[in-house]
Amino acid sequence: MTPAAAPPLVSIIVLTRNNPRELEHTLTSIRSQQVSATLQVVVVDGSDLPVSPEAVAPFELVRDHLPHGIFPAMNLGLSHSSGQWVQFLNSGDSWLHPHALQQLLDHAQAHCRRTGIYPRVVFGQARICPAPPSPCPAWLVPDPAMGNLRRWLRFYVPNHQSLLVAGDWARQHPFALNSPQSADRSWMAAALADLSQVAYLAAPVVRYNLGGISSELPNWQILRLRLLEPSRSLMAKVAEIVKFLQQPFAPHYPHLMALRSRLIGWVV
């Protein structure tokens, strides 16, 4: 009799900085997951007033002693991970329902049975939720109308919260620290480069709340940083200039984001 395979280990890396309420929301979401996998949760804390170990128990707490920055913190979390899969959540992010993680793991197994290749990346849709008081309703990324993943990836990368990435690959490819605004985009693009190793689940699995730096229109200082990043292509830099020029329409930016997502979904 062939022994049953051991359940996979999933490393979830949670970043937090001065936001204990959002951290508790994210940890509650992780605790709610009904999953056959073993979870390793690494909380990387860069808060001015450090989080107590009791606040994150029974999960691992790592102090971020590196220079301030999201990508040094993500690399620190990677160095503490040991899972077959790695996922990144920021404080405030959450799984959409208790079976979301299991859905992704099942989809990875189905991809392996169908193709004979275990995927490097498995990901689902993210529900994008504008911050109050925006009247814009939530939308899904990728859009449900999207029919060709290869073409869609020319315009977008998924929300990193919706990805499970093979742990060995992730630990061998740390985030580039010379691109403080876009290292996650180039990291995901590299992970998704070989679509034979990508399993896409057309179902919503995570909730992403708008309001952070990455989802805001760039000011002049942020625009300069993004234009200097070596990881951005010429077209990506042009897109950042277009975003900057939309500053007068900032209150309506979530509507523009939702419209662009829907239009790209229809086109591809």
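Trainee: Why is aspartate 168 called exposed?

Mentor: Buried means under 20% relative accessible area, exposed over 50%, and partly exposed in between (1.4 Å probe, protein chains only). Aspartate 168 has a relative accessible area of 53% and is therefore exposed. This is a predicted model, where local features need pLDDT of at least 70, side-chain atom pairs count only at pLDDT 80 or more, and totals for chains, interfaces and linings use all residues. Residues are numbered from 1 along each chain as its sequence is written, and side-chain values use heavy atoms, leaving out hydrogens and water.

Trainee: What makes aspartate 168 and arginine 171 a salt bridge?

Mentor: A salt bridge requires a side-chain nitrogen of Lys or Arg within 4 Å of a carboxyl oxygen of Asp or Glu. The closest N and O atoms of aspartate 168 and arginine 171 are 3.3 Å apart, so the pair meets the definition.

Trainee: Why are aspartate 168 and arginine 171 separated by about one helical turn?

Mentor: Because they are three residues apart in helix H6 (residues 167-172); a helix is a DSSP run (H or I, at least four residues), numbered from the N terminus.

Trainee: Which residue forms a salt bridge with arginine 262?

Mentor: Arginine 262 pairs with aspartate 143, their closest N and O atoms being 2.6 Å apart. The two lie 119 residues apart in the chain, with arginine 262 in helix H10 (residues 253-267).

Trainee: Is aspartate 143 buried or exposed?

Mentor: Its relative accessibility is 5%, so aspartate 143 counts as buried. Arginine 262, at 37%, counts as partly exposed.
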